[in-house]
Amino acid sequence: MENMSFFKRFFGHLHTINTHRYLVMKMCFRCGMYRQGLLHDLSKYSFSEFWPSVRYYQGYRSPISREKELKGYSECWLHHKGSNRHHWEYWTDRIKGYDHVISLEMPFEYVLESVLDRISASKVYNKHNYKDDEPYNFFMKSHEIRVINKKTNTQIIKLLEYLKDNGEEKALKYYNSLYKQYKRDGKEPIL
Ligand SMILES: [Zn+2]
């Protein structure tokens, strides 16, 4: 793995992000989220994200994990979460009235996009071993260390739980109905 050629890492990573974006797009479209489907993760093609990812490419997990392992942090990730609203980390900052970093509530359309993002990432890295409970299990594994906003956290868990218990077909229909309801009422649906 370590001495994979540049050529292999370059096209390997390009294939990963194209496949990931395609899967997210398909699911976003099924939920009626067309703009988000088209724009999802475009920053991965930027200089600050693409080159470090090629450098730390391994194929079986995110290059961000590899970069963090080696350096303790990932410049690629700092750029990515700062540019993409579907990551709860995007919504963290020092806010007036607090003396520490806090996590704001993530708007519901991004909660949905983050769930689709997790499904797609699980599929890309687990390939044929992917099952509907994988995104849920992955999310719960690193749970206790999170400073994620409580409400956002509960929403993500409930949406992933629905997928785990009902399968993808039903889940996408459910997410679609939630998104429609959200757009119609102008407030987030109760899960
Ligand atoms: Zn992302």
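1. Met140 is partly exposed, because its relative accessible area is 26%, where buried means under 20% relative accessible area, exposed over 50% and partly exposed in between, with a 1.4 Å probe and protein chains only. Met140 has its place in helix 7 (residues 134–141), helices being DSSP runs of H or I with at least four residues, numbered from the N terminus. The C-alpha atoms of Met140 and Cys28, which are 112 residues apart along the chain, are separated by 23 Å.

2. On the basis of these remarks: this is a predicted model, in which local features need pLDDT of at least 70 and side-chain atom pairs count only at pLDDT 80 or more, while totals for chains, interfaces and linings use all residues. Residues are numbered from 1 along each chain as its sequence is written, and side-chain values use heavy atoms, with hydrogens and water left out.

3. Lys8, in helix 1 (residues 6–30), is exposed, because its relative accessible area is 54%.

4. In helix 3 (residues 47–55) the buried residues are Glu49, Phe50, Pro52, Ser53 and Val54. Their cover includes helix 1, helix 4 (63–71) and helix 5 (75–83), contact meaning heavy atoms within 4.5 Å. Phe50 also belongs to a cluster in which ring pairs link Phe6, Phe7, Phe10, Phe11, Phe50 and Trp51.

5. Rings of Phe, Tyr and Trp (its six-membered ring) pair if their centres lie within 6.5 Å, and planes under 30 degrees apart count as stacked, over 60 as edge-to-face and the rest as tilted; by this rule the count comes to 13 aromatic pairs. Phe108 and Tyr182 form an edge-to-face pair, at 5.4 Å centre to centre and with 65 degrees between the planes. This pair links distant parts of the chain, with Phe108 in helix 6 (residues 108–126) and Tyr182 in helix 9 (residues 168–185), 74 residues apart. Both Phe108 and Tyr182 are buried.

6. Tyr162 and Tyr174 form a stacked pair, with 4.1 Å centre to centre and 20 degrees between the planes. Tyr162 lies in helix 8 (residues 150–166) and Tyr174 in helix 9, 12 residues apart, and this pair too links distant parts of the chain. Tyr162 counts as partly exposed because its relative accessibility is 22%.

7. The axes of helix 6 and helix 9, which are lines fitted to C-alpha atoms over the stretch in contact, with angles running from 0 to 180 degrees between N-to-C directions, come within 10 Å and cross at roughly 160 degrees. Helix 6 is therefore roughly antiparallel to helix 9, since angles under 35 degrees count as roughly parallel, over 145 as roughly antiparallel, 65 to 115 as roughly perpendicular and the rest as oblique. The crossing is left-handed, meaning that the near helix is turned anticlockwise from the far one by less than a right angle, whereas clockwise would be right-handed. Among the residues of helix 6 that meet helix 9 are Phe108, Leu112 and Ile119, and the helix 9 side includes Leu172, Tyr179 and Tyr182.

8. Helix 6 and helix 8 have axes that come within 10 Å and cross at roughly 45 degrees, and these two helices are therefore oblique to each other. Helix 6 passes helix 8 in a right-handed crossing.
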